[in-house]
Structure formats: structure tokens, C-alpha cells
Amino acid sequence: MAGPRVALLGVMLESNRFAPLATEADLESGCRLAGEPILTDARGDGQRLPAEARAFIRTMDATGHWEPVPIAITALYPAGPMAAGLFGDLRREIEAGLEAAGALAAAYVVLHGAMVAEGDDDPDGTILALVRRLLPRPACVVATLDLHANVSEAMVAAADLVVGYRTNPHVDQAARGEEAALALRLMLAGEAAPVTAFLRLPLTPPSVTLLTAEAPYGTLIDRGQRRLAEAGGRLLNVSIFGSFVFSDTSHNGIAVLVAARAPAHLAEARRLAADLATIAWDERQGFTRRLTSIPEAIALALAPDREPLIYSDAGDNPGGGGSGRTTELLAALVEAGAEGVLYGSFFEPDIAEAAHAAGIGAVLEVTFNSEGGTTFDQPFSAAAEVLALGDGKVTGRLGLYAGRRLVLGPTAALRIGGVTVVVISSRAQTADPVFFEMLGLDIGAARTVVVKSRGHFRAGFAPFFRADRVLEVDTAGLTSPVLERFTWQGLPRPVFPLDPETHWQPPDW
Ligand SMILES: [Zn+2]
């Protein structure tokens with residue numbers, strides 16, 4: 001018995017409008033699978049597929065007969081908009097794969113949901129619309145999206161069900177893939193025919209305010225799940241997307257999606273969507289955040305007799321498209337003479353290579369960020385002693401990267417005054433203690449740890465630093481939470497918090 005034929009496909013990219021284009025070269029560090037290797041990766045020890053896609057496939061395997069039709073799944077590290085040529089290639093690959101697939105009962109589409117392409121502000125919507133065109137109803141289209149997705153009308157119209165992450169830092173990808181598969185089983189069995197109530201607010205929070213351990217966002221997600229549980233099966237899913245402001249599109253904004261299990265329950269889904277959106281709007285001041293200024297951060301770094309602190313270099317998060325090499329805070333710490341500082345990780349392959357050539361104990365003259373690259377970057381030169389060297393092949397230990405193999409390329413620990421700097425050769429956010437531990441650096445002995453990560457480091461470093469020992473420092477860069485620093489072109493205006501007088505009312509459905 002073959003079971004329903006389900007196409008597997010997707011393109012994942014979180015696009016920061018202000019970062020360099022994502023091109024063919026970015027595929028090397030990402031996931032690029034087509035055809036059978038998708039299944040081999042999911043069912044074996046492969047680690048290339050996004051966790052939700054792996055979980056979707058494994059859950060389908062575990063819950064009955066099916067015939068997977070693996071098309072293509074591509075996932076890139078967060079970057080800028082996708083180059084038009086690359087997006088065209090990926091789109092045509094999906095189109096050709098679906099056209100050649102024969103009759104399909106369903107498609108599972110794995111997307112981030114905050115992609116921008118050159119010439120297309122809604123490529124996620126373009127892909128879902130393409131899938132829907134080739135799989136007309138009653139075929140089922142189910143998609144998973146990152147919590148930071150910017151949800152468009154086109155995406156909601158094309159998919160029967162959209163399932164979003166509910167944790168930030170993200171630790172529930174596998175659970176959401178499983179949830180999507182179980183919902184698809186219900187749909188294929190005729191037990192569910194979801195329709196979605198969708199509201200998007202003119203509210204584009206900086207990412208630092210979207211932690212799900214905190215109010216208002218975490219409380220809102222919890223409330224949505226409680227109401228879902230109380231609905232006794234009449235509703236299928238509640239997803240509340242935080243949006244990724246740096247995509248700078250007209251469909252940016254916190255989005256509430258409530259899927260009714262069947263059209264008869266749409267009114268209930270709409271009431272819940274309106275309730276949740278109204279709460280988010282009423283609590284919009286909670287989606288703003290005062291950061292720690294660089295002078296404050298330096299004063300604290302120098303203060304005697306205090307507990308250890310961890311700083312987020314919030315303006316330069318490679319996980320949000322940041323370059324991973326801005327030097328503003330590093331320069332300030334070195335110039336102030338701060339001691340006992342660990343700072344990771346700078347994406348500087350040239351410096352790592354020079355350190356490996358010179359060897360442990362050597363002192364080099366190094367220039368960080370020598371090429372600049374964005375208006376926020378400045379070079380920083382210093383004498384650096386090579387403390388430790390590594391090959392960057394490590395397995396993540398905690399949080400986002402737990403259990404994942406990381407390939408960071410040649411790495412080094414360099415001492416510059418009282419600051420020990422980690423350099424890596426692959427752009428990655430320092431969300432896990434292994435970025436320091438791989439070079440023998442003792443986080444527990446540091447007075448101040450600084451990470452190029454905006455939020456995901458919290459899950460990785462929680463054993464070392466209580467929440468009140470975490471400070472977000474107001475550094476400039478491509479992921480700065482200070483939205484006034486950017487020249488926005490696509491965002492809907494007025495929008496909160498950029499335009500404090502923005503108004504919104506729930507719709508009269
Ligand atoms: Zn995300």
C-alpha cells in the first residue's frame with residue numbers, strides 16, 4: 001500500500017534588506033538537497049535538512065503509509081536579499097520537480113518566511129502560490145515558518161495550513177515539523193479542512209523584544225496556546241509571528257494566524273485572532289527596548305566587585321544578516337583597558353589564517369574589518385598574541401546548535417590587552433559556549449563575555465549567566481534594534497514604534 005503522495009520542497013532564507021545579496025556562493029554553507037538525498041538525510045544521521053523538515057518526514061514515516069516525493073530543499077544562512085538569478089533557478093527547480101512528479105495529494109513546504117529576492121519582495125508567497133497553482137485544491141499545502149516570518153496575504157491564500165515556531169530562541173523546530181505532519185494526516189483523512197483567520201498589525205518590533213520567555217510576546221503566545229487547547233478541537237493551530245523588521249517589506253508586522261479545523265469554525269478563529277491581535281496592539285509599548293549604551297557598557301566592564309556579565313553586540317548579529325566583524329565595542333573595550341573579557345566571534349578568515357601561520361605565542365599586528373563593507377563598519381588595528389588555534393570542527397552543546405555539527409573553519413583565540421577575541425572563518429552567530437570552549441577559553445572565569453548574537457545566545461549561555469546578567473549593548477550594525485538608524489523603503493507606514501502615533505483597530509469581520 002503506497003499511501004498519499006506528498007511533495008517535499010522549500011527555500012529558507014532570512015533576508016536583511018541592508019546586507020549583501022545572497023548568491024550561489026552562500027549555498028556552500030547551507031543546505032542544498034534535491035531528490036532522494038532529502039530522504040536519506042532525514043532518515044539517517046544527516047544534519048543538513050532544517051530540523052522541521054527532518055521531523056516532518058520522520059513523523060510521516062511513523063504515522064502510516066505515504067509516498068514522499070522529494071523535490072528540493074534549500075536553506076541558506078541569514079543574509080541579504082536573494083540574487084534574482086539564484087531565486088529564479090530555485091523557483092524553476094521546484095516548478096520542474098512538481099510538474100514531473102505526477103499526481104500529488106499534498107505538499108509540505110519548508111520556508112523561513114522572511115525572504116526577499118531582487119525584484120520580488122515576497123518570494124515565500126511566490127513559492128507557495130506556485131505550489132498551489134500546480135497542486136489545486138483538494139490537494140493539501142502545508143507550510144512551516146520561522147517565528148520571524150513576515151506573513152503576506154499571498155502566503156496565507158496559497159497554503160491550507162501555516163505552522164509557525166513558538167519559541168525564541170528557537171528550540172521547537174522539530175516539534176513544529178511534527179505538528180505539521182500530524183495536521184496533514186488529519187487533512188488527508190478528511191478529518192480537517194483548515195481555513196485561516198489572519199491579521200497583521202502595523203507593529204514591527206526590533207528582534208530583541210521578541211523573546212518568548214518574556215512579556216508581552218511570550219505571554220501572548222502562551223495565551224494563544226491556552227485558547228487553542230480550550231477550543232476543543234474546533235481550532236487546529238495558533239501561530240503568532242514576530243516578523244523580521246530588517247526585511248523591510250510592505251508585509252512586515254506582527255501577524256496572528258488562527259486556523260479553524262473546518263470552515264464552520266471560521267468565526268471562532270476570527271474572534272480569537274482579533275482578541276490576540278488586540279492584546280498585542282494594546283501592549284505595543286512592550287515591544288520597545290532601552291539598550292545599554294556603549295559608555296554604560298564600558299563603565300560596567302571596568303567596575304570592580306561585580307558579578308560576571310554577558311553583553312550582546314546587538315547591532316551585529318550574523319544570525320540576522322550582520323557581517324560578524326563590526327569593531328565598535330571591541331575598540332572601546334580595548335581602549336578603556338577592560339580586563340577579563342572574552343569576545344566572540346569575529347568572522348575574519350584572513351586573521352585566522354595569519355594566526356595559524358604565525359603559531360601559538362606569536363604576536364601579530366592585525367586589522368579587524370579591514371575592508372569595511374557597510375556604513376556601520378570601522379577597521380580596528382591592534383597587536384594580538386595568539387593564545388590558541390583550532391580547526392573549527394565542533395558539535396554544538398546548548399541551545400540553537402545543540403547536537404549540530406558546526407564547521408567554522410580555522411579559528412584562533414587572540415589576546416589584545418585584557419580582551420581575548422575569538423576569530424572564525426565561517427560567518428556564524430556565537431550562540432553556544434563551544435565557540436569559546438573549542439579554544440580552551442574558560443567562560444566561568446571571565447568577568448565579561450561579549451557575543452555577536454542578538455537573542456539565541458541566551459539559550460546557550462543560560463547556565464553561566466542569569467537573565468539579569470545579560471545586557472544588550474547599543475552597537476551600530478545591520479541588526480541594530482535602534483530602528484531610527486535605518487533608511488526604510490518597504491515598511492508599511494505609519495508603523496509602530498517608528499511612528500508612535502500609529503493607529504489600528506480590529507476588523508469588522
Ligand atoms: Zn527566527
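These legends go with a few close-up views of the structure.

This is a predicted model, so local features need pLDDT of at least 70 and side-chain atom pairs count only at pLDDT 80 or more, while totals for chains, interfaces and linings use all residues. Residues are numbered from 1 along each chain as its sequence is written, and side-chain values use heavy atoms, with hydrogens and water left out.

**View 1. The chain is split into domain 1 (5–190), domain 2 (193–242 + 259–289 + 482–509) and domain 3 (294–480).** These bounds come from an automatic or database domain assignment. Between the C-alpha centres of domain 1 and domain 3 there are 33 Å. Contact (heavy atoms within 4.5 Å) brings in 16 residues from domain 1 and 19 residues from domain 3.

**View 2. Domain 1 and domain 3 bury about 1400 Å² between them.** That's the accessible area (1.4 Å probe) the two parts lose on being put together, summed over both. Carbon and sulfur atoms give 44% of it. On the domain 1 side, Gln47, Tyr77 and Pro169 supply 42% of the area buried against domain 3, more than any other three residues.

**View 3. Arg405 and Asp45 pair up through their side chains in a salt bridge, 3.9 Å from N to O.** The rule here is a side-chain nitrogen of Lys or Arg within 4 Å of a carboxyl oxygen of Asp or Glu. Across the interface of domain 1 and domain 3, that rule finds 1 salt bridge.
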